[in-house]
Amino acid sequence: MNTTSIKNALSYPKAKRGDVVVIELTSSYTTAKFKTERSTSYYFAKAQKVSQGRVVDYVKANGARGIVDSRHRVMVISEADKQAAVRDLFGTELGAMDFDNLDQVKAAILDRVEALR
């Protein structure tokens, strides 16, 4: 194997400007009794600015803009049929909501894929 093929084999799915991605947002806070609570939410976002395949800026379905930082994890949807379903889903009420876990996001995407067939 040459260096190029090794680099491609180890690479991650790259996003393009305009792709709809799933973003995981992790946050934490400390209660009055000094107990740290963590929360995670998932939502759909459209990539606005991409650098070397990584999403830098995004916009949510409700119009809110954001910058990817250390609290975010971006999940790129690389399959064409699922990307088309997510783009269709992005414009709906379901696309604008926040999800509690990743299973809900997967179910919403797969339901839309089945509906479009």
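Colleague: Why does Arg112 count as partly exposed?

Modeller: In this predicted model, Arg112 has a relative accessibility of 22%. Buried means under 20% and exposed means over 50%, with partly exposed in between; therefore Arg112 counts as partly exposed.

Colleague: What makes the contact of Arg112 with Asp88 a salt bridge?

Modeller: The closest N and O atoms of Arg112 and Asp88 are 3.0 Å apart. The cut-off is within 4 Å, so the pair forms a salt bridge.

Colleague: Is Asp19 buried or exposed, and how do you know?

Modeller: Asp19 has a relative accessible area of 6%. Buried means under 20%, so Asp19 is buried.

Colleague: What is the salt-bridge partner of Asp19?

Modeller: Asp19 forms a salt bridge with Arg87, and their closest N and O atoms are 3.0 Å apart. Arg87 belongs to helix α2, whereas Asp19 belongs to the loop between α1 and β1, so the pair ties together parts that are 68 residues apart in sequence.

Colleague: Why is Lys60 called buried?

Modeller: The relative accessible area of Lys60 is 17%. Because buried means under 20%, Lys60 is buried.

Colleague: What makes Lys60 and Asp98 a salt bridge?

Modeller: Their closest N and O atoms are 3.5 Å apart, and the cut-off is within 4 Å, so Lys60 and Asp98 form a salt bridge. This pair links distant parts of the chain, with Lys60 in strand β3 and Asp98 in the loop between α2 and α3.

Methods
Residues are numbered from 1 along each chain as its sequence is written. This is a predicted model: local features need pLDDT of at least 70, side-chain atom pairs count only at pLDDT 80 or more; totals for chains, interfaces and linings use all residues. Side-chain values use heavy atoms; hydrogens and water are left out. A salt bridge is a side-chain nitrogen of Lys or Arg within 4 Å of a carboxyl oxygen of Asp or Glu. Helices (H or I, at least four residues) and strands (E, at least two) are DSSP runs, numbered from the N terminus. Buried means under 20% relative accessible area, exposed over 50%, partly exposed in between (1.4 Å probe, protein chains only).
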